Amino acid sequence: MKPNIHDVAKIAGVSSTTVSRVLNNRGYISEKTKEKVYKAMEEINYFPNDLARSLFNKRTNLIGLIIPNSSNPFFGELTFHIESICASLGYKLLLCNSLNRIDKEEKYLEMLIRNQVDGVVVVTYNRGILNYEMQNLSVVAIDHYLSKNIPVVGSDNYSGGKKATELLIMKGCQYIVHINGPIELQTPANLRRKAYEDVMKEQSRLPITYEVSPSQSHQEVISKLFDEHPEVDGIFASDDLIAASVIAESKKRGKEIPTQLKVVGYDGTEAVQVLLPELTTIQQPIDLIAKSAIDILLKQIEGEFNNFPLETYLPVKLLEGGTT
């Protein structure tokens, strides 16, 4: 039989109420008494019941995280930082990998609600599907608009798109194409495309964009781009995975980088920097995005609803490599 709080109290020579107060850090307890309780717990290998403590404290110390794909380097690194921050603050993280499927997101949300999470960090393309406000949840979105009342955190997408396009122009590219996700998705990442289009128009050039939908392969879209625009000599990809696919297709077609084609990506994760160190990219401050999201979420959990911005965009950095 598992040891319980009464067993701890008996060995420590105190009441069960005292043990409970030590575990929940309530009221004044002398250091000597605390030491006796912790020593008794260790002696009989007793671990506090988190569920019981959450009922007592009205907190579960659980945070949910819903992401589209944990195998994507950006989401993988974001998850790493969020989990590390949560752990340092005494929170456990429940990771939900939705694969962009609405049905999975709905089931995960139900699961998080059943587990009475204190809050949720969300990266979803399915705006309006998850009705967080109805569930009275504390929610922060990463780089996606969920509703006018849910705060969103991300990088300065417009600045990143501007830096990428201006670099390609400065490097002498005459035919620059941008590859991004579907424009109908309501996401701040669309500002990368907006910046590209604005810079191109300022230079009296025609913006050319290709969209990669979640159901399409990068290679399919990139192959079509090269077939339709063999003159292309500069490509700004909206993420590093697309940029990597551009480089692979260029090699297949014998198009030399950077002499015949220059490529700029977006994200700048540690994984891509290791595996593709030559890639010029716009680096997002992923650690700061994670920290800002958790800071805002905790303010919501504490009821400080007037003490955080609804939109937070953090500065990006140009990492120039061999692809430009």
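This is a predicted model: local features need pLDDT of at least 70, side-chain atom pairs count only at pLDDT 80 or more; totals for chains, interfaces and linings use all residues.

User: How do α5 and α12 pack, what's the angle and how far apart are the axes?

Analyst: Helix α5, residues 73-88, packs against helix α12, residues 286-301, at an angle of about 50°, and their axes are 9 Å apart.

User: Which residues make the contact?

Analyst: From α5 the contact is made by Phe74, Glu77, Leu78, His81, Ile82, Ile85 and Cys86, while α12 brings in Ile286, Asp287, Ile289, Ala290, Lys291 and Ile294. By residue class, the contact of α5 with α12 divides into 9 nonpolar, 1 polar and 3 charged.

User: Take Ile82 then, is that buried or exposed?

Analyst: Ile82, which is found in helix α5, has a relative accessible area of 0%; since buried means under 20%, Ile82 is buried.

User: What does Ile82 touch, apart from its neighbours in sequence?

Analyst: Leaving aside neighbours within four places in sequence, Ile82 is in contact with Leu65, Leu93, Val121, Ala290 and Ile294. Two of the names in that list, Ala290 and Ile294, belong to the α12 side of the helix contact.

User: And how far is Ile82 from Asp227?

Analyst: From C-alpha to C-alpha, Ile82 and Asp227 are 41 Å apart in space, with a sequence separation of 145 residues.

User: Switching topic, how many disulfides are there?

Analyst: The structure holds 0 disulfides. Cys86 is accordingly in no disulfide, and the nearest cysteine sulfur to it, that of Cys96, lies 13 Å away.

User: Is Cys86 buried or exposed? What about Cys173, buried or exposed?

Analyst: Cys86 has a relative accessible area of 1% and is buried, and Cys173, at 1% relative accessibility, counts as buried.

User: Back to helices, how do α9 and α10 pack?

Analyst: Helix α9, residues 218-228, and helix α10, residues 240-252, pack at an angle of about 55° with their axes 10 Å apart, and α9 and α10 are therefore oblique to each other. In passing α10, helix α9 makes a right-handed crossing.

User: Which residues are in that contact, and how do they divide?

Analyst: On the α9 side the contact involves His218, Gln219, Ile222, Ser223 and Phe226, and on the α10 side Leu241, Ile242, Ser245, Val246, Glu249 and Ser250. The residues of the contact of α9 with α10 divide into 5 nonpolar, 5 polar and 1 charged.

Technical notes
Residues are numbered from 1 along each chain as its sequence is written. Side-chain values use heavy atoms; hydrogens and water are left out. Axes are lines fitted to C-alpha atoms, for helices over the stretch in contact, and angles run from 0 to 180 degrees between N-to-C directions. Helices (H or I, at least four residues) and strands (E, at least two) are DSSP runs, numbered from the N terminus. Contact means heavy atoms within 4.5 Å. Ala, Val, Leu, Ile, Met, Phe, Trp, Tyr, Cys and Pro count as nonpolar, Asp, Glu, Lys and Arg as charged, and the others, Gly among them, as polar. A disulfide is a pair of cysteine sulfur atoms within 2.5 Å. Buried means under 20% relative accessible area, exposed over 50%, partly exposed in between (1.4 Å probe, protein chains only). Angles under 35 degrees count as roughly parallel, over 145 as roughly antiparallel, 65 to 115 as roughly perpendicular and the rest as oblique. A crossing is left-handed if the near helix is turned anticlockwise from the far one by less than a right angle, and right-handed if clockwise.
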